[in-house]
Amino acid sequence: MAALTDLSFMYRWFKNCNLVRNLSEKYVFITGCDSGFGNLLAKQLVDRRMRVLAACLTEEGAQKLQQDTSYQLQTILLDVTKTESIKAAAQWVRDQVGEQGLWALVNNAGVGLPSGPNEWLTKEDFVKVINVNLVGLIEVTLHMLPMVKKARGRVVNMSSSGGRVAVIGGGYCVSKFGVEAFSDSIRRELHYFGVKVSIIEPGNYRTSILGKEGMETRMQKLWERLPPETRDSYGEEYFRIYTDKLKNMMQLAEPRIRDVTNSMEHAIVSRSPRIRYNPGLDAKLLYLPLAKLPTPVTDFILSRYLPRPADSV
């Protein structure tokens, strides 16, 4: 048994250390580089002397990232919810990479809000999140795939533990379940072209995806716009407890995001990237087990977290 354990460790170590050659000649395109995972990943890849093409939503974010890095990094403005912006970015990338192709596409851009009890949200609330996290990701991928195929490179998609088990209402988990399905389907299709697809499924990390506005303020706005009948069915106590639990969850979020960007980097530079990465102890010890348990058991465990509505039976 000890020998098998040693062999397994050595095999995993070898796979982690077996890096792609000529990294300094390879291009990587990353979306959502204004802050958070995309911003730090861009800097890590520049440190590896890779040719980073970083897409930012704002001019301010692009200028700041450019100042913090070197000439090896180039920036472009990109709104993944707008087709014309995606087409322009794809042409820009094509002009940069030429016949060499694009080694890695990293779909990192994402938003988490609005989130909350599904009945408190509108169609527009769902669409706002899904358009960025899923539809935008799909459209960017479709425009970049010919270049990735040319390089026989890889696609790295940012999902979430919320793409394995739906722990909160709203478009976030819905979009991440979609990212999982899209990533699985293109992985099987692109295998024949020598393209690898990896999915990043982090636990609860603290990034700007949650916005700058306080949790209490956001929840209060959702609560106040509800019809009186809906508010009465949940009750003030439900609102208060639900908001407190969300605040606690945000406060417990891990601020050190390098575990996530290290996983993304491995998916880009390793000859043997994993299909799924699960950075974060909560991902490994809580969310993955919840996703694999029988559904009634998962439902029972998660129901212990939610408060009881005033009109509960």
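**Figure 1. Threonine 261 is buried, with a relative accessible area of 0%.** Buried stands for under 20% relative accessible area, exposed for over 50%, and partly exposed for what lies in between, using a 1.4 Å probe and protein chains only. The model is predicted, so local features need pLDDT of at least 70 and side-chain atom pairs count only at pLDDT 80 or more, while totals for chains, interfaces and linings use all residues. Residues are numbered from 1 along each chain as its sequence is written, and side-chain values use heavy atoms, with hydrogens and water left out. Threonine 261 belongs to helix H10; helices (H or I, at least four residues) and strands (E, at least two) are DSSP runs numbered from the N terminus. The side chain of threonine 261 reaches the backbone oxygen of arginine 258 at 3.1 Å. Such a polar contact is a pair of N or O atoms within 3.5 Å; within protein, one must be able to donate a hydrogen and the other to accept it, and residues adjacent in sequence count only if both atoms are side-chain atoms. Apart from neighbours within four places in sequence, threonine 261 is in contact with Phe37, Leu40, Leu41 and Gln44, contact meaning heavy atoms within 4.5 Å.

**Figure 2. Aspartate 259 is partly exposed, with a relative accessible area of 47%.** Aspartate 259 also lies in helix H10. Residues up to four places away in sequence set aside, aspartate 259 touches Tyr205 and Pro279. Between the C-alpha atoms of aspartate 259 and proline 202 the separation is 8.9 Å, although the two residues are 57 residues apart along the chain.

**Figure 3. Ile30 and Ile268 have the most contacts inside the largest nonpolar core, which has 32 residues.** Strand S1 (27-30), helix H2 (36-47), strand S2 (51-56), helix H3 (59-68), strand S4 (104-107), strand S5 (154-158) and helix H10 (258-269) are the elements that give two or more residues to this core. H2 supplies the largest share, six residues. A nonpolar core is a set of buried Ala, Val, Leu, Ile, Met, Phe, Trp, Tyr and Cys residues joined through side-chain atoms within 4.5 Å. Not counting residues up to four places away in sequence, isoleucine 268 touches Val20, Val28, Leu41, Leu45, Met50, Trp103, Ala104, Val106, Arg154 and Val156. Leu78, Val132, Val140 and Met144 are included in a second, separate core of 31 residues.

**Figure 4. Seven strands form an open sheet with parallel pairing, in the order S3-S2-S1-S4-S5-S6-S7.** Strand S3 (73-77) and strand S7 (276-277) are at the edges with a single partner strand each, so one side of each has no neighbour in the sheet. Strands of a sheet pair through backbone hydrogen bonds, either parallel or antiparallel. Here two strands count as paired if DSSP finds at least two bridges between them. S1 and S2 pair in the parallel sense over four bridges, and isoleucine 30 stands opposite alanine 54 in S2. Five of the six residues of S2 are buried. S1 and S4 pair in the parallel sense over three bridges, with leucine 105 in S4 as the bridge partner of phenylalanine 29.

**Figure 5. H2 packs on the sheet, where it touches S1, S2, S3, S4 and S5.** The direction of H2 makes about 170 degrees with that of S1. Helix H4 (residues 83-97) packs on the sheet as well, touching S1, S2 and S3, and its direction makes about 160 degrees with that of S3. Axes are lines fitted to C-alpha atoms, for helices over the stretch in contact, and angles run from 0 to 180 degrees between N-to-C directions.

**Figure 6. Backbone geometry at arginine 49, arginine 152 and proline 114.** Arginine 49 is not a glycine but has a positive phi of about 65 degrees. Arginine 49 sits in the loop between H2 and S2 and is exposed at 55% relative accessibility. In the loop between H5 and S5, arginine 152 has a positive phi of about 50 degrees, again without being a glycine. Arginine 152 is exposed, with a relative accessible area of 59%. Leucine 113 and proline 114 are joined by a cis peptide bond with omega of about 5 degrees. Proline 114 is in the loop between S4 and helix H5 (123-151).
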